[in-house]
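Welcome to this short briefing on a protein chain.

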Amino acid sequence: MQLASAAVMLAMYASNSWAFDLNDVAKEAKSLAGQSYEAPKSNLPSQLRDLKYADYQQIQYKRDKAYWGKLRTPFKLEFYPEGMYFDVPVKVNEVTANSVREIKYSPDDFTFGNIPHDADSFKNLGFAGFKVLYPLNSKNKEDEITSFLGASYFRVIGAGQVYGLSARGLAIDTALPSGEEFPRFKEFWIQRPKPQDKQLVIYALLDSPRATGAYRFVLHPGKESTVDVNSKIFLRDNVGKLGIAPLTSMFLFGANQPSPTLNYRDELHDSDGLSIHNGNGEWIWRPLNNPKRLAVSTYTLENPKGFGLLQRNRDFSHYQDLDDRYDERPSGWVEPLGNWGKGHVELVEIPTNDETNDNIVAFWSPEKMPEPGKETDFNYRLHFTRDEAQLHSPNVAWVADTLRSAGDVKQSNLVRQPDGSIAFIIDFAGKAMSKLPQETQVAPQVSIGDNGEVVEQSVRYNPVTKGWRLVLRLRVKDPKKTTEMRAALVSGDKTLTETWSYQLPANE
């Protein structure tokens, strides 16, 4: 993975001559931060507010009306209408070399399927968001590659991918008792691309009761689509927790936490784990859970090299879903550009009963909160990929599988007898590890919290993966409490693997 510096990124866009740039958005954000927050007012009639999701999906932007459709640029824009809980309009502008002008909303640009509607009720509405089209998988077909819709959410895909996890501009007070604040992008400026351009530049103005922000997104579509993000954040007031580069995903069940009801799908999730590359070089893998009550895990570190919510399992047979293709959903990786200082990566897991709710959030939170009114910059690159191996160091083996089972002991008659323990089977694999001789002496390093007792920790070579398998059995002391576990494999004084870090949820 090639790294870029924040200085290089800033120089790249500073060299272009445009009628508008990030500083223009930052001026607005700073000015807003010095004013009292003005909550947006919904202009949505009740008949549109009460739409079901399937009905809202019937309202489509006409393909022949696609913005830039008659230009020779490979990028096209389409727009989302207001409706359902998207009840506040956002302003969208086009930036050219010598002008900035608003893209006007017209109900004539939409089709409404078979939903009953009053044409007059659509006249004075606006856009809820927009999507970008680009010939990603075939030069003869325009694919939707990104979508900005709702609060500060946006989704991006690369070639051969389908929408899964989302990114956000900013998260405030996530999982705090006081309740979460959801900043929203209230206005966008999209730079008209030239015919030869392979990237699209989008600016956004963020607003919320306690924060404003200026954002510049440079979208690079491809096999692995990336987005370079420059953000300038201004607080109106103190916040309890600031979430930088937040990712939002869904985990219902998986190999480490099987479905409680019989299901032909072994796994159902947009992401199966949190990966962290610490500033000191350590790699951490945390399999995700769908807990029975809210769970928060924090990983304190300095100057992170990267973190993300990954979908490491790419085997269709584990999902068996022909409609939703969870095996094709992208992993999202945040690569900080520049030093972010001290802070922590936070993982929030929220209980959910179905796959329609995003119940997983991960973000960076700085140790020292910015002072109200002062500009704070965070620059980073987002990767949306199905090639998780290229995100990881080839010299450090990673967790290929975390399997959970009832613990048992093989009797003298070869019958396996359950012993009341819980077993985790953790397969480690990697490029460097696959080259080790089978007879290499590999040992586990296991630690467990006060709520558990290790019954077994054994390692054996796995000829299928050309890696090593750790079998970890433990007894939980109090099932109403969570149990923390960590494990890695070593050979002599050399650490061979990333750290497997897991939290066994409370069983209540």
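This is a predicted model: local features need pLDDT of at least 70, side-chain atom pairs count only at pLDDT 80 or more; totals for chains, interfaces and linings use all residues.

The chain is divided into domain 1, residues 22-390, and domain 2, residues 398-504. Their C-alpha centres lie 36 Å apart, and the contact takes 17 residues from domain 1 and 14 residues from domain 2.

**The interface between the domains**

- About 1400 Å² of area is buried between domain 1 and domain 2, and carbon and sulfur atoms give 42% of that area.
- On the domain 1 side, the residues that lose the most area to domain 2 are Asn256, Trp285 and Arg312, which together account for 30% of what that side buries.
- Two salt bridges are counted between domain 1 and domain 2.
- Polar contacts across this interface come to 14 residue pairs, with both residues at pLDDT 80 or more.
- Strand E19 (283-287) and strand E20 (295-302) are the elements that give two or more residues to the side of domain 1 that touches domain 2.
- E19 provides the largest share of that side, with five residues.
- Sorted by class, the domain 1 side that touches domain 2 holds eight nonpolar, four polar and five charged residues.

- Ser501 sits in strand E33, which covers residues 499-504.
- Is Ser501 buried or exposed? Ser501 has a relative accessible area of 4%, so it is buried.
- Leaving aside neighbours within four places in sequence, Ser501 is in contact with Ile284, Trp285, Arg286, Pro287, Tyr299, Met485 and Arg486.
- One of these partners, Tyr299, also makes a polar contact with Ser501, side chain to side chain, at 3.1 Å.
- Arg486, another residue that Ser501 touches, forms a salt bridge with Glu282, where the closest N and O atoms are 3.3 Å apart.

**Around Ser231 in strand E14**

- Ser231 belongs to strand E14, residues 225-235.
- With a relative accessibility of 2%, Ser231 counts as buried.
- Not counting residues up to four places away in sequence, Ser231 touches Ala214, Tyr215, Thr376, Asp377, Phe378, Asn379 and Tyr380.
- For Phe378, the backbone oxygen lies 2.7 Å from a polar atom of the Ser231 side chain.
- Ser231 and Gly338 are 107 residues apart in sequence, and their C-alpha atoms are 13 Å apart in space.

- Arg381 and Asp228 meet through their side chains in a salt bridge, at 2.5 Å from N to O.
- Arg381 lies in strand E25 (residues 376-385) and Asp228 in strand E14, so this pair ties together parts that are 153 residues apart in sequence.
- Both partners count as buried, Arg381 at 14% relative accessibility and Asp228 at 6%.
- Lys232 pairs with Glu375 in another salt bridge, with the closest N and O atoms 3.1 Å apart.
- Lys232 is in strand E14, while Glu375 is in the loop between strand E24 (360-366) and E25, so the pair ties together parts that are 143 residues apart in sequence.
- Lys232 counts as buried at 13% relative accessibility, whereas Glu375 counts as partly exposed at 41%.

**Salt bridges elsewhere**

- How many salt bridges does a search of the whole structure find? The search finds 31.
- Lys141 counts as partly exposed, at 47% relative accessibility, but Asp143 is buried, with a relative accessible area of 9%.
- Asp419, Glu456, Arg473 and Arg475 are linked in a network of salt bridges.

Notes. Residues are numbered from 1 along each chain as its sequence is written. Side-chain values use heavy atoms; hydrogens and water are left out. Domain bounds come from an automatic or database domain assignment. Contact means heavy atoms within 4.5 Å. Buried area is the accessible area (1.4 Å probe) that two parts lose on being put together, summed over both. A salt bridge is a side-chain nitrogen of Lys or Arg within 4 Å of a carboxyl oxygen of Asp or Glu. A polar contact is a pair of N or O atoms within 3.5 Å; within protein, one must be able to donate a hydrogen and the other to accept it, and residues adjacent in sequence count only if both atoms are side-chain atoms. Helices (H or I, at least four residues) and strands (E, at least two) are DSSP runs, numbered from the N terminus. Ala, Val, Leu, Ile, Met, Phe, Trp, Tyr, Cys and Pro count as nonpolar, Asp, Glu, Lys and Arg as charged, and the others, Gly among them, as polar. Buried means under 20% relative accessible area, exposed over 50%, partly exposed in between (1.4 Å probe, protein chains only).
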